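Visitor: I would like to learn how to read a protein model. Please show me.

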Amino acid sequence: ALSKTWIAGEGVKCIVVPVQTIETWLLVVSGFVFEGSTPEKRFHRRALKRDFFGKPEPSNPEKTRKALAVLHRPEAINILRKRRSFQHFENQLAGWK
């Protein structure tokens, strides 16, 4: 959870989300089936990147386009809200305006 001093007052607020978590969320929305333990604990970034972006890895603009296309799916937010990691993320943002 965020420190109360981080979210108090009128200053700029920020949450850092590990890239591994973002890649996991992208895979989940894409319908990727993880075998074994939870994906947040099991996969290294290299494996997550390969599973989502394929091999050879596309250029950065193409990676951005692919990620945004997945996130713009109508069902994306509902799928993500089933993940405990996303629930935790969203709960921390609940009081921000």
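Visitor: Which residues of α2 are buried?

Guide: Buried means under 20% relative accessible area, exposed over 50% and partly exposed in between, with a 1.4 Å probe and protein chains only. In α2 the buried residues are T21, E23, T24, W25, L26, L27, V28 and V29. This is a predicted model, where local features need pLDDT of at least 70, side-chain atom pairs count only at pLDDT 80 or more, and totals for chains, interfaces and linings use all residues. Residues are numbered from 1 along each chain as its sequence is written, and side-chain values use heavy atoms, with hydrogens and water left out.

Visitor: How many residues does helix α2 have, and what does it reach from its first C-alpha to its last?

Guide: Helices (H or I, at least four residues) and strands (E, at least two) are DSSP runs, numbered from the N terminus. The expected span of a helix is 1.5 Å times one less than its number of residues. Helix α2, residues 19-30, has 12 residues and reaches 16 Å, close to the 16 Å expected.

Visitor: What follows α2?

Guide: Most residues other than glycine have a negative phi, and most peptide bonds are trans. After α2 comes G31, with a positive phi near 90 degrees. The peptide bond from K55 to P56 is cis, with omega near 5 degrees. P56 lies in the loop between α4 (45-53) and α5 (60-71).

Visitor: At what angle do the axes of α4 and α5 cross?

Guide: Two packed helices are described by the angle between their axes and the distance between the axes. Axes are lines fitted to C-alpha atoms, for helices over the stretch in contact, and angles run from 0 to 180 degrees between N-to-C directions. The axes of α4 and α5 cross at roughly 75 degrees and come within 11 Å. That makes α4 roughly perpendicular to α5, a label for angles of 65 to 115 degrees.

Visitor: Which residues make the contact between α4 and α5?

Guide: Contact means heavy atoms within 4.5 Å. K49, F52 and F53 of α4 meet K63, K66, A67 and V70 of α5.

Visitor: Is A69 buried or partly exposed?

Guide: A69, in helix α5, has a relative accessible area of 48%, so A69 is partly exposed. A69 and S30 are 39 residues apart in sequence, and their C-alpha atoms are 9.9 Å apart in space.

Visitor: How many helices and strands are in the chain?

Guide: The chain has seven helices and zero strands. Buried residues make up 26% of its 97 residues.

Methods
Parallel < 35°, antiparallel > 145°, perpendicular 65-115°, else oblique.
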